[in-house]
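Hi,

Here is the structure I promised to pass on. Have a look at it first, and then read my notes below.

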Amino acid sequence: FSPSGWRERVTVVEYPERSEWRFFSISSETGQMENELLRIRVYSVQDYQDNTGSGFELATKGIFRYWGYIPSTASGDLAVTETEVKTVMFSLLTTS
């Protein structure tokens, strides 16, 4: 897997009401979104979140947690694993 393989083949849609980003493959024929590949959500540990049973923790920074989820429908050559998301695709940047 190479994250660069997603260039021009995947788009991200932000869902601000859920503090969530969803990544979709783009059809080479129609240019439309088709297959959801990944979700990333950020939330405050002070807020109630029911994440039991689905997804995985990516990182914690201060009072914020970053949570990943790979839909069961994610498939094809653009599909990723939890390990790839954690080790290759996601990291928190520090600001000075």
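Let's start with the core. The largest nonpolar core has 16 residues, and Trp6, Leu58, Val85 and Phe90 touch the most other members. Such a core is a set of buried Ala, Val, Leu, Ile, Met, Phe, Trp, Tyr and Cys residues joined through side-chain atoms within 4.5 Å. Buried means under 20% relative accessible area, exposed over 50%, and partly exposed in between (1.4 Å probe, protein chains only). Strand E3 and strand E4 (56-61) each supply at least two residues of this core, and the largest share, four residues, comes from E3. In soluble globular proteins, nonpolar side chains tend to be buried together.

Before you go on: this is a predicted model, where local features need pLDDT of at least 70 and side-chain atom pairs count only at pLDDT 80 or more, while totals for chains, interfaces and linings use all residues. Residues are numbered from 1 along each chain as its sequence is written, and side-chain values use heavy atoms, with hydrogens and water left out.

Now the overall layout. The protein has one helix and five strands, in the order β-β-β-β-β-α along the sequence. Helices (H or I, at least four residues) and strands (E, at least two) are DSSP runs, numbered from the N terminus. Of the 96 residues, 32% are buried.

Which residues does valine 85 touch, leaving aside its neighbours within four places in sequence? They are Leu38, Phe56, Leu58, Ile70, Val80 and Phe90; contact here means heavy atoms within 4.5 Å.

Serine 25 sits in strand E2. Is serine 25 buried or exposed? It counts as buried because its relative accessibility is 5%. Not counting residues up to four places away in sequence, serine 25 touches Arg9, Val10, Gln32, Met33, Glu34, Asn35, Leu37 and Leu78.

Tryptophan 67 is in strand E5 (residues 64-69) and is also buried, with a relative accessible area of 15%. Its side chain reaches the backbone oxygen of serine 54 at 3.0 Å. That is a polar contact, a pair of N or O atoms within 3.5 Å; within protein, one must be able to donate a hydrogen and the other to accept it, and residues adjacent in sequence count only if both atoms are side-chain atoms. Tryptophan 67 and serine 54 are 13 residues apart in sequence and 9.7 Å apart in space, C-alpha to C-alpha.

Cheers
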